[in-house]
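Here is a short tour to read with the viewer open.

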Amino acid sequence: MLKPILIHPDPRLKKSAAPVADLSDELRTLADDMLATMYDAPGIGLAAPQVGVLSRLIVLDCVKEEGAAPRPLAMFNPEVIAAADEKSSYEEGCLSIPDIYAEVTRPAEVEVRWMDTDGKAQQEVFTGLWATCVQHEIDHLDGKLFIDYLGAMKRQMITRKMVKLKRERARERA
Ligand code: NI
C-alpha cells in the first residue's frame, strides 16, 4: 500500500525517531509499503518519519544502471559506525522537498550497521551514491534534512517555496 509522503515543513520531519526494539509484522509491512512508495515516487531512499512514523527505519535502492537487478534494502536502527576522511559531493534531493536539488558534501565512504527484516544484524561498507543516500536517510531519523547543510538564506528560500507548494496542493484537494 502506498503511503502519503510528508512535505517539509512538518514538525514530524524535525523529530528524532525511536529505536525499533521488537520487529513486528506491522513494521515489516511498513518497510514493504515504504519500498513501494519509494519506487512509485520515484526515489532512491525513504525514511519512516517521511510517512509520519517516528521509528528508526529506512529503505533504499540506489541501483541506477539500466536493466540491473534492483536491490531493495530495509534497515532497522541503521547506524554509521565508521566514516572515511575523504569527502564527496552529490546533488541531493528529497521526496519531502520535491523538485529542489542542492550539492551536499559528506564522507565518501561509510560503514553502516543495521538490523534486517529477519532481525539479523548486518554490516556493510557503502560508497558512491549508496554512501550519500544511506547518510541522507539516517539523517531523517534524527530530524535532519539535506537543506540543513545549506546556508540559512537558501534554506529559508526553499522552505518558503515548500509552504507555497503545500498551500497550492491543499487548494487543489479542496
Ligand atoms: Ni530525504
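Where is Asn-77 found? Asn-77 is found in strand 3; helices (H or I, at least four residues) and strands (E, at least two) are DSSP runs, numbered from the N terminus. Before going on, please note that this is a predicted model, in which local features need pLDDT of at least 70, side-chain atom pairs count only at pLDDT 80 or more, and totals for chains, interfaces and linings use all residues. Residues are numbered from 1 along each chain as its sequence is written, and side-chain values use heavy atoms, with hydrogens and water left out.

The phi of Asn-77 is near 50 degrees, a positive value in a residue other than glycine. Asn-77 is partly exposed, with a relative accessible area of 23%; buried means under 20% relative accessible area, exposed over 50%, and partly exposed in between (1.4 Å probe, protein chains only). Asp-99, in strand 5 (residues 97–107), is not a glycine either, but has a positive phi of about 65 degrees. Asp-99 is exposed, with a relative accessible area of 68%.

There are also cis peptide bonds to look at. One joins His-8 and Pro-9, with omega about 0 degrees, and Pro-9 lies in the segment before helix 1. Another joins Ala-41 and Pro-42, with omega about -10 degrees; Pro-42 sits in the loop between helix 1 and strand 1.

## Helix 1

Helix 1 (residues 25–40) has 16 residues, which at 1.5 Å a residue should span 22 Å, and its end C-alpha atoms are 22 Å apart, in agreement. The expected span here is 1.5 Å times one less than the number of residues.

Among the buried residues of helix 1 are Leu-27, Leu-30, Met-34 and Met-38, along with Asp-33 and Thr-37. The buried residues of this helix pack against strand 1 (45–47), strand 2 (57–60) and strand 3 (73–83), where contact means heavy atoms within 4.5 Å.

## Strand pairing and cores

Strand 2 and strand 3 run antiparallel and are joined by four bridges; two strands pair if DSSP finds at least two bridges between them. Leu-60 has Leu-73 in strand 3 as its bridge partner. Strand 3 also runs antiparallel to strand 6 (residues 109–115), with five bridges between them, and Ala-83 stands opposite Val-110 in strand 6.

A nonpolar core is a set of buried Ala, Val, Leu, Ile, Met, Phe, Trp, Tyr and Cys residues joined through side-chain atoms within 4.5 Å. The largest one has 18 residues, and those touching the most other members include Ile-58, Leu-60, Leu-73 and Phe-126. Strand 2, strand 3, strand 6 and helix 2 each supply at least two of its residues, with the largest share, seven residues, coming from helix 2. A second, separate core of 15 residues includes Val-20, Leu-46, Val-59 and Ala-74.

Leaving aside neighbours within four places in sequence, Leu-60 is in contact with residues including Leu-35 and Met-38, as well as Trp-130, Cys-133 and Val-134.

## The nickel site

Which residues coordinate the nickel ion? They are Cys-94 (SG), His-136 (NE2) and His-140 (NE2), at 2.1 to 2.3 Å. Donors are N, O and S atoms within 2.8 Å of the metal (3.2 Å for Na, K and Ca); water is not among the atoms, so sites may look incomplete.

In sequence the donor residues follow the spacing C-x41-H-x3-H. His-136 and His-140 both belong to helix 2 (residues 128–141), four residues apart, about one turn of the helix, and both are buried.
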